[in-house]
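The sequence and structure are shown below.

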Amino acid sequence: MRILTNARIYTLDPRQPHAAEIVLKDGLIQWVGNQQTSTTRSAAEIIDLEGRFILPGLIDAHIHLQKYAQNLAKVNCETPSKDLCLAKIHQRARTAPPGNWILGHGWNHNTWSGEYGTARELDSITPDHPVYLTAKSLHAAWVNSKALEQAGIHSTTPDPPGGKISRDDQGKPDGILFENAMRLIEDSLPRPSLEETAENIYQAQVNLWKLGITGVHDYDRQLCFSALQHLRAQNRLKLRVLKQIQYDQLSEAVDLGLRSGFGDPFLKIGGVKIFSDGALGPQTAAMLEPYQNQPGNYGMLLWTQEDLDQAVEKAITSGFPLTIHAIGDRANRVALNSLEKARETEKELGLPAYRHRIEHVQLLHPDDLHRLGKLALTASMQPVHAPSDRTMADQHWGERARYAYAWKSQLDNQAVLAFGSDAPVESPNPFYGLHAAVTRRCRDGKPRSRGWIPEERLTIQEAVRAYTQGAAYAAGWEHQAGKLSSGYWGDLIVLDKDPFTLDPDQIYDLLPSATMVAGEFVWRSF
């Protein structure tokens with residue numbers, strides 16, 4: 001038994017919002033209150049927190065665990081200029097053995113005056129290495145000629161379904177790949193071993209603990225799932241993971257008899273992930289009207305309405321909720337239409353009302369603002385995107401950006417709000433997300449005192465709930481996580497400062513001094 005005492009506890013339980021002491025046993029919360037008198041205190045480990053603050057553990061509702069873990073070793077391409085990115089690739093090439101792949105992540109051509117890189121530029125500094133650099137959005141890639149050659153991509157290679165190979169005036173691939181065309185390269189990359197992937201994820205788990213994250217909803221593929229099972233079998237997985245599966249693996253999962261909810265408190269199968277469109281960065285998000293100053297560019301809708309309706313029906317009749325990636329207003333409308341039909345099908349067939357969700361919900365048409373709440377859907381959103389993307393949103397969406405990253409509108413329209421990071425697209429630091437949600441500003445205070453589209457700001461209480469109760473509900477964990485109450489998991493964080501009274505600008509720099517999972521400290525600095 002462990003007792004944390006002399007603390008200022010925010011339980012997020014309306015029946016008892018504040019407490020001073022919490023008792024934990026066998027991984028669960030036994031009691032929360034102001035003074036435990038009935039417990040035999042001599043038999044317990046008593047930890048005096050000296051007035052520190054306790055909150056429920058934070059849950060990242062959208063992360064790519066394997067990609068985040070791998071990216072810790074990649075070249076950081078998130079640079080203010082293309083030349084600086086090229087210099088970093090050149091430096092890596094000087095030390096990498098000839099023939100080895102050079103991998104990087106994070107470039108954003110929008111910060112490079114809208115200028116994409118080319119294969120020719122990479123060829124001049126990496127003649128002996130294939131190069132694969134993913135964009136910050138993860139919806140585009142920059143490669144050199146050696147990578148194109150190894151993947152068998154040439155002038156006559158057709159664009160794959162849902163993808164595009166960018167080409168020069170002669171029709172030759174120029175080094176930029178969009179959406180599913182990236183898979184042509186990824187299939188040629190050396191596949192990491194199960195053991196290597198598991199170790200990378202374990203090390204990433206340590207980073208996440210230090211940020212106060214005790215649970216995640218993961219969106220990577222089969223190797224990640226196998227690595228998580230490997231860690232679980234070794235009792236080294238100390239992070240609650242809801243594992244989403246990709247739609248192209250649904251039939252295989254059904255053949256194995258798997259359904260949503262299968263698993264244990266540390267690793268559970270969630271829903272089926274479907275991509276409805278691309279992303280804002282490469283302007284592949286599907287739009288109802290063309291991008292600003294780009295006549296004819298409506299982005300890329302990856303499914304027709306009819307095909308998406310059929311895919312959604314297949315998922316729910318197989319026992320899986322949907323988690324649909326939708327960025328542009330057209331993609332969100334198509335996703336909403338399919339999920340509205342899904343609700344009708346659930347009633348007709350006597351199926352449960354699954355906890356469907358739309359991932360990102362980055363831009364909605366005003367006519368669609370109310371539909372997530374009306375359909376009892378979760379708006380799985382990443383507030384940290386807003387300060388990063390605001391310039392692109394204003395540039396490419398213009399006045400439509402009023403309802404971009406519209407967290408407050410979704411909350412007001414009764415949608416469940418679950419927050420995450422989309423790491424490695426952004427940092428998984430939840431305090432960056434909390435700061436963005438409350439201020440709608442960058443760390444430097446821009447764009448202005450009230451923030452970008454200040455009507456969409458949240459209170460700190462609303463934002464914290466989205467990282468706790470909202471994310472727990474979306475995972476089906478609402479009776480185990482998201483608040484500190486008797487019988488709930490012993491997952492919590494300890495802070496030296498009170499986030500609910502702190503100046504909003506200071507939230508960005510907050511970090512926990514301890515993180516507990518299942519009643520054990522997995523990270524502690526005091």
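## Charge and overall form

In the charge count used here, Lys and Arg are taken as positive and Asp and Glu as negative, while His and the chain ends are not counted. On that basis the protein carries 55 positive and 62 negative side chains, and the centres of the two sets lie 4 Å apart. The model is a predicted one.

The protein contains 16 helices and 25 strands. Its radius of gyration is 23 Å, close to the 24 Å that the globule rule gives for 526 residues, so the protein is as compact as a globular protein of that length. Along the principal axes, the C-alpha atoms fill a box of roughly 80 × 55 × 55 Å.

## Burial, surface and contacts

Of the 526 residues, 58% count as buried. The accessible surface of the protein comes to about 21300 Å², and carbon and sulfur atoms account for 48% of this area. Among contacts between residues at least 6 apart in sequence, 73% join residues at least 24 apart.

## A six-stranded open sheet

An open sheet of 6 strands has the order E9-E10-E11-E12-E14-E13, with mixed pairing. Strand E9 (75–76) and strand E13 (163–167) stand at the edges with a single partner strand each, so one side of each is left without a neighbour in the sheet.

Within this sheet, strand E10 (residues 102–107) runs parallel to strand E11 (residues 131–135), and 5 bridges join the two. Leu103 stands opposite Tyr132 of E11.

Strand E7 (residues 53–56) is antiparallel to E23 and joined to it by 4 bridges; here Ile54 stands opposite Val494. E23 also pairs in the antiparallel sense with strand E24 (residues 514–517), over 3 bridges. In that pairing Val494 stands opposite Ala514.

## The hairpin of E24 and E25

E24 in turn runs antiparallel to strand E25 (residues 520–524), with 4 bridges between them. Met516 is placed opposite Phe521 of E25. The hairpin formed by E24 and E25 has 2 residues between the strands, and Ala518 takes a positive phi near 55 degrees.

Helix H15 (residues 460–467) is mostly covered, with 6 of its 8 residues buried. The buried residues are Ile460, Glu462, Ala463, Val464, Ala466 and Tyr467.

Leaving aside residues up to four places away in sequence, Tyr488 touches Leu28, Ile29, Glu478, His479, Gln480, Ala481 and Lys483. Tyr488 and Trp31 are 457 residues apart along the chain, yet their C-alpha atoms are separated by 9.8 Å.

Conventions: Residues numbered from 1 in each chain as written. Predicted model: local features only at pLDDT ≥ 70, side-chain atom pairs only at ≥ 80, totals over all residues. Heavy atoms only, no water. Rg over C-alpha atoms; globule rule 2.2 N^0.38 Å. Buried < 20%, exposed > 50% of the residue type's maximum accessible area, 1.4 Å probe, protein only. Contact = heavy atoms within 4.5 Å. Areas by Shrake-Rupley, 256 points an atom, 1.4 Å probe, with all protein chains shown as cover. Charge placed at Lys NZ, Arg CZ, Asp CG, Glu CD. Pairing = 2+ DSSP bridges.
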